[in-house]
Amino acid sequence: MQIIEEIKACRKSIRDRQAKGLRVGLVPTMGALHEGHLSLIRAARANSDRVIVTIFVNPTQFSPEEDLAAYPKPLEADLAACLAEGVDIVFTPTADTMYPEGTQTSVHVTALTDGLCGKDRPGHFDGVTTVVAKLFQIIPADAAYFGEKDYQQLIVVKRMVNDLNFPIEVIGCPIVRETDGLALSSRNIYLSRSQRHQATSISRALFSAQRNVEKGETSVVKIIGEIRTTIEETGPCAIDYIEAVHPETLKPLEEIHGLARICVAVKIGKTRLIDNLAVDATTASR
Ligand code: AMP
């Protein structure tokens, strides 16, 4: 496994492989790898000849009040996990390499970034799209793998790739959960024992909402109300949003008659957790 920090060397090593006719899959991450990330690596391996993982805690997607300095950086363990998964290249640039002095350009996707996490985290998605655009230039891979865990991010990146004609396929992968339903996240380690228990209410509420939609419930006010109650009754928390949105436009829905995505962001203590679930009213037994 090659570990590369420099941009030129990284691009060359991808191009060399592609010159041999090999298909390259890219998995961008911020490290602190868990089974969620590993599922992306496995999807990439299943669909590519060579896999490159990037580990870069991107400063531009954190606001000054957020947890950039405290973000976990277990690089040795991450490299060991990549090696065990048969990753071919790990790209670990420094912040100075990615954002040398004088940088002035950023990528902004409009409407899709207005709602959900875009509302609570101003500038976050500009940081995401800018760093992903840069990674796509540095690593001209054939396909890139993103988790549905960050559903809005996946849709925003797909839009950017389409709008800016990046020659790369963006593949969304399902959310990996703990056995009790909690979506895996690098931030789960911040949770105390009782907060960790409380956090299971998020997926429990989402799965219950999914069942209610399948039973014929169409009112988003009712669905959201029940999710809120389930989450709030487990303990103190601050709900940033609970919304049912169109799965592609991310526009909020008032009624669910077809496919929708229910998205939740909750702060438990200082830890902000996000989760989402696809619901399908067309399977409703009315
Ligand atoms: P991050 O390191 O948090 O930036 O995440 C890197 C990639 O892993 C993103 O595409 C995430 O959506 C994805 N990811 C994170 N957690 C999960 C999970 N529990 N299941 C599936 N994908 C995930």
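Accessible areas here come from the Shrake-Rupley method with a 1.4 Å probe, and for residues only the protein chains shown count as cover. By that method the chain exposes about 13,700 Å², with carbon and sulfur atoms supplying 51% of it.

Before you start clicking: this is a predicted model, where local features need pLDDT of at least 70, side-chain atom pairs count only at pLDDT 80 or more, and totals for chains, interfaces and linings use all residues. Residues are numbered from 1 along each chain as its sequence is written, and side-chain values use heavy atoms, leaving out hydrogens and water.

Begin with the whole chain in cartoon view. You will find nine helices and nine strands, which are DSSP runs (helices H or I, at least four residues; strands E, at least two) numbered from the N terminus.

Next, select Arg159 and Asp163 in helix 7 (residues 151–163), where they sit four residues apart, about one turn of the helix. Their side chains meet in a salt bridge at 2.9 Å, N to O; the term means a side-chain nitrogen of Lys or Arg within 4 Å of a carboxyl oxygen of Asp or Glu.

Now move to Asp275 and Arg177, another salt bridge, with the closest N and O atoms 2.9 Å apart. This pair links distant parts of the chain: Asp275 is in strand 9 (residues 271–280), while Arg177 is in the loop between strand 6 (169–173) and helix 8 (193–214), 98 residues away.

The structure holds 15 salt bridges.
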